[in-house]
Amino acid sequence: MKNTFKLGKTAAALLGVLALTVGGTSALAADNIVTGQTGSTNTTVDIKEPDTDPIDPEVPGNPDPIDPNQKSLTLEHVPTNYNFETNLSNKTYTISSGTVTEDTIDVFNDYSKRKWVVKAQVENDELTKGADKYPVTEFSINGNTLATGTETVVMQNKDLTVAGNTGKITDQVTSVGVKFTDSGDTLKVGDTLTGKINYQLYLVSGAD
């Protein structure tokens, strides 16, 4: 003998709702726009600087100015390539101009009164071709001649204002020149010399 169960009206209605919600969004959850009823909120973000320089080298306990640990004073970019061409010469080469790829030196700074400089140096003061070395006697960037054996300032902070000394500060490299020697006359037509210009960003103490 079979037992037959009949659903009441309430149970049948519940199953109908479940059928609508399985595999999709319930029809009961649909949003209905009320025409003409909108609002908006104005939003602003104010960019400010620290009240004091967090890495002022004259404050006891702050990092040494030669090697500061500072995420908000950064050297962002230097030129990718300096390329020169010249004819074969006897022992001495003086090249007054070259081409510059990606020609900017960029520094990011977040504190307007912070003093900083970028210095540059010819690596090992030489150009090379394989094992052969060719001493660089002069390398200039924007008319500044890099001293041999040490670094030379090629960029520094300008006016200590928010407009002039915060955010990304950019100097364009508009001219480069190089002088080097081949005392043994080892170079041939078709040779290519390679070298590198290294840059370092420094925090400056006081008015140095």
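**Close-up views of a predicted model**

**View 1. Strands E1, E5 and E11 line up in that order as an open three-stranded sheet with antiparallel pairing.** The edges belong to strand E1 (73–77) and strand E11 (167–172), each of which pairs on one side only. Ignoring direction, neighbouring strands here are turned by 25° against each other on average. Zoom in on E1 and E5 and you'll find four bridges, again in the antiparallel sense. A handy landmark is Leu75, which stands opposite Val107 in E5. Keep in mind that this is a predicted model, here and in every view below.

**View 2. Another open sheet of three strands runs in the order E10-E6-E13, with antiparallel pairing.** This time E10 and E13 are the edge strands, pairing on one side only. From one strand to the next, the twist averages 30°. E6 and E13 share seven bridges in the antiparallel sense. Look for Ala120, which sits opposite Tyr199 in E13. There's also a charge-over-ring arrangement to check out: the charged end of Lys119 sits over the ring of Tyr202, 5.0 Å from the ring centre.

**View 3. The largest nonpolar core takes in 28 residues.** Val118, Phe139, Ile141, Phe180, Ile197 and Tyr199 have the most contacts inside this core. Which elements give two or more residues to it? They are strand E3 (92–95), strand E5 (104–109), strand E6 (116–122), strand E8 (132–141), strand E10 (152–156), strand E12 (176–181) and strand E13 (197–203).

**View 4. A closer look at Ile141 and what it touches.** Leaving aside residues up to four places away in sequence, Ile141 touches Tyr82, Ala120, Leu146, Val154, Val173, Ser175, Val176, Ile197 and Tyr199.

**View 5. Searching the whole structure turns up three aromatic pairs.** One of them is Phe84 with Phe139: the ring centres are 5.9 Å apart and the planes are at 90°, so this pair is edge-to-face. Phe84 lies in the loop between strand E2 (81–83) and E3, while Phe139 lies in strand E8, so the pair ties together parts 55 residues apart in sequence. How exposed or buried are the two partners? Phe84 counts as partly exposed, at 25% relative accessibility, and Phe139 counts as buried at 6%. Ring pairs also bring in Tyr82, linking Tyr82, Phe84 and Phe139 into a cluster.

**View 6. Tyr93 and Phe180 make a stacked pair, with ring centres 4.7 Å apart and planes at 5°.** Why call it stacked? Planes under 30 degrees apart count as stacked, and these are at 5°. Tyr93 belongs to strand E3 and Phe180 to strand E12, so this contact ties together parts 87 residues apart in sequence. Tyr93 is buried, with a relative accessible area of 3%, and Phe180 is buried too, at 5% relative accessibility.

**View 7. Zooming back out, the chain has two helices and 13 strands.** Buried residues account for 26% of the 208 residues in the chain. What about contacts that span the sequence? Among contacts between residues at least 6 apart in sequence, 77% join residues at least 24 apart.

Conventions:
Residues are numbered from 1 along each chain as its sequence is written. This is a predicted model: local features need pLDDT of at least 70, side-chain atom pairs count only at pLDDT 80 or more; totals for chains, interfaces and linings use all residues. Side-chain values use heavy atoms; hydrogens and water are left out. A nonpolar core is a set of buried Ala, Val, Leu, Ile, Met, Phe, Trp, Tyr and Cys residues joined through side-chain atoms within 4.5 Å. Buried means under 20% relative accessible area, exposed over 50%, partly exposed in between (1.4 Å probe, protein chains only). Contact means heavy atoms within 4.5 Å. Two strands pair if DSSP finds at least two bridges between them. Axes are lines fitted to C-alpha atoms, for helices over the stretch in contact, and angles run from 0 to 180 degrees between N-to-C directions. Rings of Phe, Tyr and Trp (its six-membered ring) pair if their centres lie within 6.5 Å; planes under 30 degrees apart count as stacked, over 60 as edge-to-face and the rest as tilted. A charge sits over a ring if NZ of Lys or CZ of Arg is within 6 Å of the ring centre and within 35 degrees of the ring normal.
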